[in-house]
Amino acid sequence: MAVNIVKILPLLLTVFAYISTAASHADQGAPVQSFFERHRGSGSAHTNNWAVLVCSSRYWFNYRHMANALGMYRTVKRLGIPDSNIILMLADDAACNPRNKFPGCVYANSGRHLDLYGDNIEVDYRGYEVTVENFLRVLTGRMDESVPRSKRLLTDDRSNIFVYMTGHGGNEFLKFQDNEEISAFDIADAFEQMWQKKRYNEIFFMIDTCQANTMFSKFYSPNILATGSSEMSENSYSHENDFDIGVAVIDKFTHYVLQFMEGINKTSQASMQDLFDTFDPKKLDSHPGVRSDLFRRPLDKTLVTDFFGGVAQVEIIPPVLDEPVTLAGEQALRTDASSATGDQDVFIDPTTLAVTCDAPNASTTTASGLRQHVGPGIDFTILIAAAAQSEVSPQTSLTSTLRAWTSSVLILALVSWTAVTRNRHPSGQ
């Protein structure tokens, strides 16, 4: 009976080791799987966020428009978009205006609880730089070589862009500093150029002005979500006045949007539909609009932080091999390398695609000098493929773990079998 147990003991221990290892890997992968399952519904494919914030007005009596833009600026920074990814276009003539009773400060409420200007403001385009031409150049990337990177919208096809505009407008136009106008057609064509040049993944366009909804009526490019403060023939109204400042300090639409955003943090699961559901025509004295026919994702699955916040995810691009590499090809590669460098051992580092020859005064070379250091007999394509194929994968790690467990079990079984055999045949008999 003891012999039979010894015979099946290795098999039982091997099965037990396999089950334990698989369960351990499953436990380790559960949090990761849970994370991706939780975020799979949003379908977000972006890897970076940008914001373009435009106050198209100037002069003291348009104080509220400056406060609108600065309120959005503060919100996107708080939620994780850095200044390097924000383009702020501002007249910047209110904080230091002689009529400002609170020099260097801009407030968005009559109680003056929060200074929106502060010490941490980076205005990219100020004063007379806020023009229709500069705005369109920022969007399309048609910039002069002398323009610094801080004034450029350096986006790609994995960028989500939040575009916010505020000022005085009308039916399909927005005034820039009482000097010129931008039309709904201009913005629509600029967005189309951006799409053709792969300058965005998705755009969220928000505008607070009179007859705001007409400004996104001409959009025709994909992956654009838009909202505005008022319908055609409707005005956009200010929210409250400050009697010490002497003018209105913020518009109603922007005020209620910022009020909702104050309850959002970087990890919030609030959706764009949640934001739009807060729009109340009775409070706004106008009918805000939403256009989502060009947008490919459901609004209740699109997170607010997909546009207002920074992202922590990255995109992993697998290596593309021109031709498959077999074991025979890899062996031939090693043989050719040994021939080219004498009897030296050649080590391929897959992380840097570098070749190290194990010999005195041997050098490590990158991809640009492989043929020079290793020799003309080695196929450059096979070398890169072999290096890429040598990376350690999770399957390889699991296999190594199983081999270690199996070896331990077999050794234990061998020791047990030896002990039982000795007990059956005592010495001296």
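Student: Which residues does Ser286 touch, not counting residues up to four places away in sequence?
Tutor: Ser286 touches Ser229, Ser230, Glu234, Asn235 and Pro281, where contact means heavy atoms within 4.5 Å. This is a predicted model, in which local features need pLDDT of at least 70, side-chain atom pairs count only at pLDDT 80 or more, and totals for chains, interfaces and linings use all residues. Residues are numbered from 1 along each chain as its sequence is written, and side-chain values use heavy atoms, with hydrogens and water left out.

Student: Where is Ser286 found?
Tutor: Ser286 lies in the loop between α7 (281-284) and β12 (289-291). Helices (H or I, at least four residues) and strands (E, at least two) are DSSP runs, numbered from the N terminus.

Student: Is Ser286 buried or exposed?
Tutor: Ser286 counts as buried, at 3% relative accessibility. Buried means under 20% relative accessible area, exposed over 50%, and partly exposed in between (1.4 Å probe, protein chains only).

Student: What separates the C-alpha atoms of Ser286 and Ser229?
Tutor: The C-alpha atoms of Ser286 and Ser229 are separated by 7.0 Å, and the two residues are 57 residues apart along the chain.

Student: On to the helices: at what angle do α2 and α5 pack?
Tutor: Helix α2 (residues 63-78) and helix α5 (residues 252-261) pack at about 15°, and their axes are 10 Å apart. Axes are lines fitted to C-alpha atoms, for helices over the stretch in contact, and angles run from 0 to 180 degrees between N-to-C directions.

Student: How much of α2 is buried?
Tutor: Of the 16 residues of α2, 13 are buried, so α2 is largely enclosed by the rest of the structure. Just after α2, Gly80 takes a positive phi of about 120°.

Student: And which residues of α3 are buried?
Tutor: In helix α3 (residues 132-140), the buried residues are Val132, Phe135, Val138, Leu139 and Thr140.

Student: How many helices and strands does the protein chain have?
Tutor: The protein chain has 12 helices and 15 strands. Of its 429 residues, 43% count as buried.
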